[in-house]
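Hi everyone, thanks for coming. I'd like to walk you through one structure today, so please have a look at it first, and then we'll go through a few places together.

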Amino acid sequence: MKIAILSRNANLYSTRRLKEAGEAQGHQVDIIDTLHCYMDITSSRPTVRYHGEELPEYDAIIPRIGASVTFYGTAVARQFEMMGTYNINESVAISRSRDKLRSMQLLSRKGIGMPRTGFANRPDNIKDLIKNVGGAPVVIKLLEGTQGIGVVLADTAKAAESIIEAFMGLKANILVQEFIKEAGGADIRCLVIGGRVVAAMKRQGAEGEFRSNLHRGGSAVVVKLTKEERETAVNAAKIMGLNFCGVDLLRSENGPMVMEVNSSPGLEGIEKATGMNIAGMVFDFLEKRPKTITNKTRGRG
């Protein structure tokens with residue numbers, strides 16, 4: 001197959017591993033810088049141009065779109081969908097997953113377990129907002145934050161009020177969430193491909209750090225999932241419409257709780273922790289996909 005990886009940096013571990021794995025399985029794999037693509041959206045035959053030339057037809061694309069370029073990146077992915085190219089993660093699903101509020105509303109509607117979460121706009125709602133999620137300590141998150149950036153643990157109600165007021169003063173959109181103390185600063189990253197959990201690791205935050213992100217000095221080890229955890233991860237991916245994603249869970253007294261569904265999961269931590277060829281599994285899925293185009297939205301947005 002002829003496959004394009006939409007990525008701004010060919011040297012990133014995940015991008016490099018996907019290219020290596022695809023070529024090892026006999027596919028032609030091109031890396032295309034998303035921001036250097038430009039689109040002909042006025043003609044009856046939609047195209048994507050790159051460095052002054054029209055891109056060839058691809059059998060499939062693998063979008064590796066960073067949070068900072070979500071708007072333009074999903075527009076490029078949508079253009080490929082309009083051309084009839086299979087997209088492993090459709091543009092609509094990527095946009096949905098990047099909006100933390102929207103994704104939590106969708107998961108909540110389908111009964112997926114998650115921490116009690118509040119969202120507000122006006123400062124006069126702050127005290128009741130904190131009370132409604134169970135009181136301090138609470139976790140306060142910027143909607144647009146990634147890799148643990150913009151995530152704060154407020155130990156007291158006063159501290160929470162001050163932090164929320166500060167964020168609101170900056171006109172930032174925030175979520176206020178129940179703090180799951182029993183998780184002990186750890187979460188579980190489940191890697192889902194094609195409706196199946198193919199690997200899982202437990203990420204533990206560094207000493208004195210409640211965020212478990214590996215980018216912030218956390219560590220990772222292989223973990224065995226319960227049946228409920230596995231089903232929760234698969235259902236969350238399905239609700240978001242993602243074929244290839246990372247689902248982050250917390251182990252709580254009330255069962256697994258979903259923290260986030262990541263449409264561009266990093267492969268380095270989980271491949272090193274598990275010793276598995278996750279990148280190769282992505283191409284296994286693409287090889288088995290239906291030959292007819294199955295983009296549900298066909299680029300309609």
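**A walk through the model**

Let's begin with Lys-171, which is exposed, with a relative accessible area of 77%. For this talk, buried means under 20% relative accessible area, exposed means over 50%, and partly exposed is in between, using a 1.4 Å probe and protein chains only. Before I go on, please keep in mind that this is a predicted model: local features need pLDDT of at least 70, side-chain atom pairs count only at pLDDT 80 or more, and totals for chains, interfaces and linings use all residues. Residues are numbered from 1 along each chain as its sequence is written, and side-chain values use heavy atoms, with hydrogens and water left out.

Back to Lys-171. Its place is in the loop between helix 6 (157–169) and strand 11 (174–178). When I say helix, I mean a DSSP run of H or I with at least four residues, and a strand is a run of E with at least two, both numbered from the N terminus. Phi of Lys-171 is near 60°, a positive value in a residue other than glycine. Why point that out? Most residues other than glycine have a negative phi, and most peptide bonds are trans.

His-51 is another residue with a positive phi, about 50°, although it is not a glycine. Look for His-51 in the loop between strand 4 (47–50) and strand 5 (53–54). Is His-51 buried or exposed? At 57% relative accessibility, His-51 counts as exposed.

And where is there a cis peptide bond? The bond from Ala-136 to Pro-137 is cis, with omega near 0°. Pro-137 sits in the loop between helix 5 (126–132) and strand 9 (138–142).

Now let's turn to helix 3. Helix 3 covers residues 91–98, and six of its eight residues are buried. Those are Ser-91, Val-92, Ala-93, Ile-94, Arg-96 and Ser-97. What do they pack against? Among their partners are helix 2 (70–82), helix 4 (100–109), helix 7 (227–240) and strand 16 (255–262).

Let's take helix 2 from that list. Two packed helices are described by the angle between their axes and the distance between the axes. The axes of helix 2 and helix 3 come within 8 Å and cross at roughly 160°. An axis here is a line fitted to C-alpha atoms, for helices over the stretch in contact, and angles run from 0 to 180 degrees between N-to-C directions. The two helices are therefore roughly antiparallel to each other; that word is for angles over 145 degrees, while under 35 is roughly parallel, 65 to 115 roughly perpendicular and the rest oblique. On the helix 2 side, the contact is made by Thr-70, Thr-74, Ala-77, Arg-78 and Glu-81, and on the helix 3 side by Ser-91, Ile-94, Ser-95 and Arg-98. Contact means heavy atoms within 4.5 Å.

Next, strand 15, residues 244–252. Eight of its nine residues are buried, so strand 15 is largely enclosed by the rest of the structure. Strand 15 pairs in the antiparallel sense with strand 12 (residues 186–193) over six bridges, and with strand 16, also in the antiparallel sense, over seven bridges. Two strands pair if DSSP finds at least two bridges between them. A hairpin of two residues joins strand 15 to strand 16, and Ser-252 has Gly-255 in strand 16 as its bridge partner.

How many salt bridges does the structure hold? There are 10, a salt bridge being a side-chain nitrogen of Lys or Arg within 4 Å of a carboxyl oxygen of Asp or Glu. One of them links Glu-229 and Arg-251, with the closest N and O atoms 2.6 Å apart. Glu-229 lies in helix 7 and Arg-251 in strand 15, so the pair ties together parts that are 22 residues apart in sequence. Glu-229 is buried, at 5% relative accessible area, whereas Arg-251 is partly exposed, at 36%.

Another salt bridge joins the side chains of Glu-23 and Lys-19, at 2.8 Å from N to O. Both residues lie in helix 1 (residues 13–24), four residues apart, about one turn of the helix.

Last stop: Gly-280, in helix 9 (residues 278–288). Gly-280 is buried, with a relative accessible area of 3%. Its C-alpha atom is separated by 9.7 Å from that of Glu-23, 257 residues apart along the chain.
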